[in-house]
Amino acid sequence: MILPGTPFHPRTSDLCQPHNWRRWGKYIVAGSYELSPEREYWAIRNSAGLLDTSPLNKYIFQGKDATRVVNRIITRDVNKCAVGQVMYTTWCDENGKVIDDGTVHRVEENLFFVTSADPNYRWFCENANGFDVTLQDVSDTTAALALQGPNARKILQTLARAEMDSLRYFSVMPNHLREIPIMLSRTGYTGDLGYEIWMENKYALDVWDLLMEVGDAYGITPIGILALDIARVEAGLMLIETDYTSVRKAVIPDQMSSPYELGLGWTVALDKENFVGKRALVQENRRAPEWRFVGIEIEWDSLEEIYARKNLHPHLPLQTVRESVPLYDGDNQIGYVSSRCWSPLLKKYIALAHLRAPYFEIGSRVEMEVTVEHERQRARAVVGKTPFYNPERKRK
Amino acid sequence: MSHSFDFIIIGAGLNGLTAAAYLAKAGKKVLVLERREIIGGAAVTEEIFPGFKLDTVTHNVAGFDANIARDLNLAQYGLELIQPDVSVFAPQRDGGAITLWRDDAKTADSIRVFSPNDATKWRAFRERMAKLARVLDSIHALTPPSITTTNPAELFSLGKLGLQVRGLGKRDMPEFLRALPMPIAELLDYEFENDLLKGALAAGGIHGLMLGPLGVGTTYNFLRGVNDGVVRATTFVRGGVGKLADALASAAKARGAEIRTNAHVVQIRVRDQRATGVVLASGEEINAPQIISSADPKQTFLQLIDPIELDPTFCARIRNIRTRGVFAKMNLALDALPNFKNATEEQLRGTISISPNMMYLERAYDDAKYGNISQQPYLEITIPTLLDPSRAPQGKHVLSVWMQYVGERLETGDLRLKNEQLGDLVIRTLSDYAPNLQSLVLHSQVLSPCDLQEIYSLPNGDINHGQTTLDQFLFMRPVPHFANYRTPLEGLFFCGAGAHPGGIPCAAGRNAAREILK
């Protein structure tokens, strides 16, 4: 079977010069619209990038018990999520190992819109069994766009029927772009000021055209997932199957992670009513975590030095590399990098990494394996604070 | 917090009462709560027609472990078991019949009329089946060990189980392992040539199952019906099966247990993953540190407990337990003993089996497989008044018919409207063998799977609270990892027929009590 395009495919396929289609879920999306994603990256940080995120999985929970069902599934306490608020959360299996992460949008008191990276319909249904709730998988009927960057708000202001200036970070509202009904959330995966626009498939092309037309004056630029992948590393945001393995796909216990091990202990509300994995997480919370997900910065001088030995200038990953490389303390391997890239904005070689205790503390010094001319070398690196880039406008 | 009771047991069926009696005997304070106005569960004797005491659902307690009666002094509390000399009377339409007796020689004589070959093989066959069934008996009396265990005590019991099977010896061990999953039809085709004999035996393999004799695992079910060396044994209780429940209740009460009827538990309260008490339909709440449910697994875990307290995967497993209503029950009050062609009264004292050949049974199942009622059903009949005249007015009889198969799914069919049709079918089928039956009927009652679920809480009408097939056997019953009568919740135990070993009278209750008292 040929993987289908998204509802935006008629537009994106006209624009995608390199035809570097990437699989995302059961769809294909543009890797980049030009040969290099660089210009698209800069649009995220300087004007506005328009990204087709339709392949995300999307679910609607509705009914008397919707709140309890959502709360049974996720690790955060949805009772603390006000109507109109969005929560980032993980969810776990019975052993407290992460299945997936995503966002929960409380659209109404008992109506939740949930997004996830992987398909979760079956799991959600199993959790909904026995409750008064209807669960819909709207993944294939709901198109989605992310408009990310400093000009995103201005573009939307010119189109939105309902006032959206005050839509706060991690909030959601029903709105219209001109006549077209949409859901607008102030969310994204770039760590910048940005919005996501959710709409029925039939409105997809009209919304795209409107945004491109009005956005032109604001430097709107269609972006592919390669540019996104740089922005999300700068933002310190993890990607399933790259930075962690879903317990569903893990083959051995070592591949499974708890939220604590992923640095997502803050998403675990042990004080709420029973939820899936609670028993195991209560136990785990009593122990100090063995692993943590952190950001590291590779030292330029060290990198320059190991390349200089071969008379080379440092080679930098201009796209995010989604391959694991080991991290060392002397002869001991103490962790691994799972995503790394050159940050065009910070002018730094940055990476997202899993480190063992006690090496995961900020300021801790480690070494990362770097292959120079087919030989293994090590570059010094230091554990830093994520997000690496955190502009004030994101929340303002 | 102080409690009036150490244990609350949900359901006063045989398993609930047995657990209660054992726990009370061990000095525990026990409260048994029964939804109905009478105790016994599916083992009840009800005088639904004045003067006639009918075993409305279960009419045979074969498989009841005599050790339980001894442990609990049940004889002292009025239990008297009746074991007729005859186990099965299997007629065919033309008036011929094979009778299986406790006495091998008499059985062989009866078979010889049809097949001299089979007659000579009978004794050896029966003895071999008895030997295999004895191993099963000891497996049924065990708490299923966890097969993934590393716990030394459990490994020991797993080892003992292995040794028991090994102990069968070079010839019988492979036979045992081979036989359990076999279709009973193939086993019998291998052993015997006569259709009537094979039909009479094969019926023991399909009892209660949504499977025909060609179904895999029916030999296991057949062996479940071989008790104390008797193939398709019949055991009555004097006064009716309800007297077994009464004796258990008396034994429990004598040790201080309290039994309340009309006490319908609608919720098991849970706090912090621990069962804390129950709520009755009346709104009354009763707390106890330990709760034991003898209700079926689906009701226990999917209806009585807030689903948020249980893991979704566990719930999915419980939901997937195969419960199938396969039989309807017809209870008749008769003016006189029906006249079975060429049969003596003595031959009718056990089980009368309408199973003229194995294909008859398989075809009966064929109808059910596609969701219908068998056009020519398998019937299992007892006339307990022949050995226990106290159960009907002078000269009159009660006749209890187990009719299999009703293939209609409760959730889809309009089964509740079909009792009359089911009753007619039973009478019509039986009239071929006992032509004067219809004229003798004073009163009749039909219980479809729908009624069995509503009145007796049998899930989908499944007498065993879950099919007794090998995929729902031993450590897989009710679901893997929870076969030791424990549940995912602290303080909640499970002792119903949905647990190992299924609907063998009192066995799960006894096993569970032993485990709980550990």
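Okay, let's start with a pair of helices: α5(A) and α6(A) cross in a right-handed way, where right-handed means the near helix is turned clockwise from the far one by less than a right angle, and left-handed means anticlockwise. Before going on, a word on what we're looking at. This is a predicted model, where local features need pLDDT of at least 70, side-chain atom pairs count only at pLDDT 80 or more, and totals for chains, interfaces and linings use all residues. Residues are numbered from 1 along each chain as its sequence is written, chains are lettered from A and ligands numbered from 1 in the order written, and side-chain values use heavy atoms, leaving out hydrogens and water.

Back to that pair. Helix α5 of chain A covers residues 152-159, helix α6 of chain A covers residues 204-215, and they pack at about 115 degrees with their axes 10 Å apart. Axes here are lines fitted to C-alpha atoms, for helices over the stretch in contact, with angles from 0 to 180 degrees between N-to-C directions. Helices are DSSP runs of H or I with at least four residues, numbered from the N terminus. That angle makes α5(A) roughly perpendicular to α6(A); the label covers 65 to 115 degrees, with under 35 roughly parallel, over 145 roughly antiparallel and the rest oblique.

Who touches whom? On α5(A) we have Ile155(A), Leu156(A), Thr158(A) and Leu159(A), and on α6(A) there are Leu210(A), Leu211(A), Val214(A) and Gly215(A). Contact means heavy atoms within 4.5 Å.

Next pair: helix α2 (residues 38-46) and helix α7 (residues 225-234), both of chain A, have axes that come within 8 Å and cross at roughly 45 degrees. So α2(A) is oblique to α7(A). This crossing is right-handed.

Now salt bridges, meaning a side-chain nitrogen of Lys or Arg within 4 Å of a carboxyl oxygen of Asp or Glu. Over all chains there are 55. One of them joins Glu126(A) to Arg122(A), at 3.2 Å from N to O. Those two sit four residues apart in helix α4 (residues 121-128) of chain A, so about one helical turn separates them.

Finally, the two chains. Here 14 residues of chain B contact 13 residues of chain A.
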